[in-house]
There are 2 protein chains.
Amino acid sequence: MTSDGKVCILSGGVGGAKLVLGMSEILDPKEFIVVANTGDDFVHLGLHISPDIDTLVYTLAGMVDEKRGWGLKDESWNFLGAVRDLGGETWFNLGDKDLAMHVERTKELKAGVSLSQVTKKLSAALGVKIDIVPMADSSVATTILTDDGSLAFQHYFVRDKCNPKVKGFKFEGLDKARPADGVNRFNAEKQRALLIAPSNPFVSIDPILGIPKLRETFIGSCHVKLAVSPIVGGIAIKGPAAKMMSELGIPSTATEVARHYLGLIDGIVIDEVDRDQASQIESLGIKPFVTKTVMSTLDDKIGLATDCIEYIDYLAGK
Amino acid sequence: MTSDGKVCILSGGVGGAKLVLGMSEILDPKEFIVVANTGDDFVHLGLHISPDIDTLVYTLAGMVDEKRGWGLKDESWNFLGAVRDLGGETWFNLGDKDLAMHVERTKELKAGVSLSQVTKKLSAALGVKIDIVPMADSSVATTILTDDGSLAFQHYFVRDKCNPKVKGFKFEGLDKARPADGVNRFNAEKQRALLIAPSNPFVSIDPILGIPKLRETFIGSCHVKLAVSPIVGGIAIKGPAAKMMSELGIPSTATEVARHYLGLIDGIVIDEVDRDQASQIESLGIKPFVTKTVMSTLDDKIGLATDCIEYIDYLAGK
């Protein structure tokens with residue numbers, strides 16, 4: 001495996017974290033960075049919560065509850081019960097251990113430490129060696145435009161269980177957001193690849209790519225631009241991506257994911273069940289790679305990461 | 001039992017809360033208010049913690065851990081373990097359930113709600129009908145002057161386990177503090193009594209009485225001013241009061257507690273074991289009442305509360 005430059009993985013939560021975990025088993029921490037979506041971040045009970053960063057950190061630290069995909073294993077929920085007794089908001093699940101992350105983060109941010117630095121410090125404390133960089137240090141707030149009106153992302157996603165019909169998206173603060181230093185450092189050199197994890201294109205990846213000029217910068221800095229489709233056999237493995245696509249009048253297919261990233265990606269990794277879409281995707285000018293993309297076991301995650309790296313090298317002409 | 005006007009109980013944490021609990025069994029909630037010391041309040045991990053208010057609320061809600069005297073029974077400590085894993089500060093014990101109180105309070109204060117209102121709201125949510133009023137809504141920070149230098153109260157009390165030798169006290173913000181509205185409402189009418197709970201005179205009661213003009217206002221508004229000695233047989237039932245007295249060169253006796261409140265109180269309730277100090281106290285112009293003051297059982301608490309009320313009526317000439 002060659003390594004001229006690094007790979008930058010754009011990631012949302014659960015699906016992205018799985019691929020990143022696989023990647024951490026085959027690449028050295030110096031060979032890649034992870035840029036995490038922060039459009040899902042919100043302040044809840046006065047605490048700054050960064051769900052995608054936390055899922056990445058907990059997954060890489062081996063602490064994630066694998067059944068749920070988010071939060072900590074062996075978690076307890078006594079805080080939340082006490083909040084209920086006090087008449088507080090309990091729709092967002094905050095475990096007792098998980099709370100330490102939010103309290104420490106909030107304290108540091110309030111003291112003027114950047115989200116990048118806080119993330120570095122807290123992930124290092126948990127033994128995570130992978131460089132997890134928030135897309136921006138300033139606040140970007142994803143709003144879901146639905147037939148129930150505009151909903152803050154976590155209200156749509158957690159409180160309302162993705163039930164409202166999606167009509168569009170708004171990313172408040174995105175126009176003024178600047179890429180975090182770690183992203184800029186990555187883009188300052190010619191790098192091996194941009195790898196878009198199998199995360200939700202609309203609410204996990206688009207906020208990152210929507211940071212002014214960032215998409216163009218990635219195109220310039222990365223030899224290869226590759227995506228992994230989060231849509232497999234017409235459904236999303238996790239989350240509302242497929243539901244959103246159909247509500248937006250887009251067929252929920254790997255082909256449409258490829259089309260979504262048209263002009264950015266050179267190739268896309270799709271699942272074996274979507275093999276018949278390969279030629280369609282190819283006709284868009286995007287090179288498909290067909291493999292097993294569903295990541296149930298650690299071997300699945302390593303397998304997909306290996307496929308991605310090999311395909312990156314193939315697309316680079318190596 | 002007569003009831004022209006109310007009783008105002010000045011209270012610190014554990015000892016005061018026990019007397020207040022006893023009082024709640026013999027008086028109607030409309031017949032008394034509790035003014036809680038907030039000099040121990042501090043911001044820890046970004047959370048506003050009000051230890052004395054919490055001990056009062058938890059005690060009155062029947063939720064306190066009776067063995068410890070503070071915090072919640074059936075508490076879990078998973079948050080604190082996770083904070084330790086993140087490299088955070090763990091010297092102050094924050095239980096998982098207890099945390100809900102601090103998070104909700106901090107959120108409300110940040111939204112501009114006063115400490116009085118927050119206290120009212122959160123104690124009501126837990127079914128507490130007694131009016132618990134913080135001494136002031138603005139911040140007062142007790143500093144302990146020791147041979148190890150100046151220590152924030154909780155650093156002295158919890159982190160350093162009261163080990164440093166005490167030389168004096170400083171109450172930052174006290175000169176600018178104004179009594180909370182609930183205290184002013186109490187003092188706007190002629191009231192039955194001021195009752196100083198068996199709390200630490202230096203760090204629990206003095207901050208309250210040190211609010212500009214408050215001591216004089218209580219003298220004017222209350223028919224009777226009574227204290228209960230926290231010193232029994234030369235020791236403090238709970239906390240560093242006796243240790244502080246000897247370090248300050250004051251004999252740790254009920255007599256000296258009486259002398260501490262000279263000019264304010266008409267009478268003092270002392271324990272049977274200190275019966276031989278009665279005449280000494282009387283010679284100060286303060287009328288002693290000898291009874292059992294150690295509150296182990298609920299009956300003890302009710303007994304002491306009853307003695308206080310009867311002695312208040314006696315001192316009022318009824």
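This is a selection-by-selection tour of a predicted model with chains A and B.

**Both chains**

Start with chains A and B together. A rotation of 180° with 0.0 Å of shift along its axis brings chain A onto chain B, at an RMSD of 0.0 Å. The two copies are therefore related as by a two-fold rotation axis. To place that axis in the viewer, select Asp96(A): in chain A, its C-alpha is the nearest to the axis, at 2.9 Å. Both copies use the same surface, since 100% of the contact residues of chain A recur in chain B.

**The contact between the chains**

Next, select the residues where the chains touch: 24 residues come from chain A and 24 residues from chain B. On the chain A side, the elements that give two or more residues are α3 (78–85), α4 (98–110) and α5 (115–125). Which of the elements gives the largest share of this side? Colour α4(A), which supplies 8 residues. Colouring the chain A side by class gives 12 nonpolar, 6 polar and 6 charged residues.

**Helix α3 of chain B**

Move to chain B and select residues 78–85, helix α3. Its buried residues are Asn78(B), Phe79(B), Leu80(B), Ala82(B) and Val83(B). Show their surroundings: these buried residues pack against α3 and α4 of chain A, and also against α4 (98–110) of chain B. Then step past the end of the helix to Gly87(B), which follows α3(B) and has a positive phi, near 80°.

**Helices α1 and α13 of chain B**

Now select residues 14–26 and 298–315 of chain B, which are helices α1 and α13. Their axes are 7 Å apart and the helices pack at an angle of about 75°. An angle of 65 to 115 degrees counts as roughly perpendicular, so α1(B) is roughly perpendicular to α13(B). To see the contact itself, show Lys18(B), Leu19(B), Leu21(B), Gly22(B), Met23(B), Glu25(B) and Ile26(B) on α1(B). On α13(B), the residues they meet are Lys301(B), Ile302(B), Leu304(B), Ala305(B), Thr306(B) and Ile309(B). By class, the residues of this contact are 8 nonpolar, 2 polar and 3 charged.

**The nonpolar core**

Finish with the largest nonpolar core, which has 197 residues. Select Ile9, Val20 and Leu226 in chains A and B; these have the most contacts inside the core. Then centre on Leu226(B).

How values were computed:
Residues numbered from 1 in each chain as written. Chains lettered and ligands numbered in written order. Predicted model: local features only at pLDDT ≥ 70, side-chain atom pairs only at ≥ 80, totals over all residues. Core = buried A, V, L, I, M, F, W, Y, C linked by C-beta atoms within 7 Å. Buried ≥ 20, exposed ≤ 12 C-beta atoms within 10 Å, placed from the backbone. Contact = placed C-beta atoms within 7 Å. Helix = DSSP H or I, 4+ residues; strand = E, 2+ residues; numbered from the N terminus. Nonpolar A, V, L, I, M, F, W, Y, C, P; charged D, E, K, R; others polar. Least-squares fit on C-alpha atoms with pLDDT ≥ 70 in both. Axes fitted to C-alpha atoms, helices over the stretch in contact; angles between N-to-C directions. Parallel < 35°, antiparallel > 145°, perpendicular 65-115°, else oblique.
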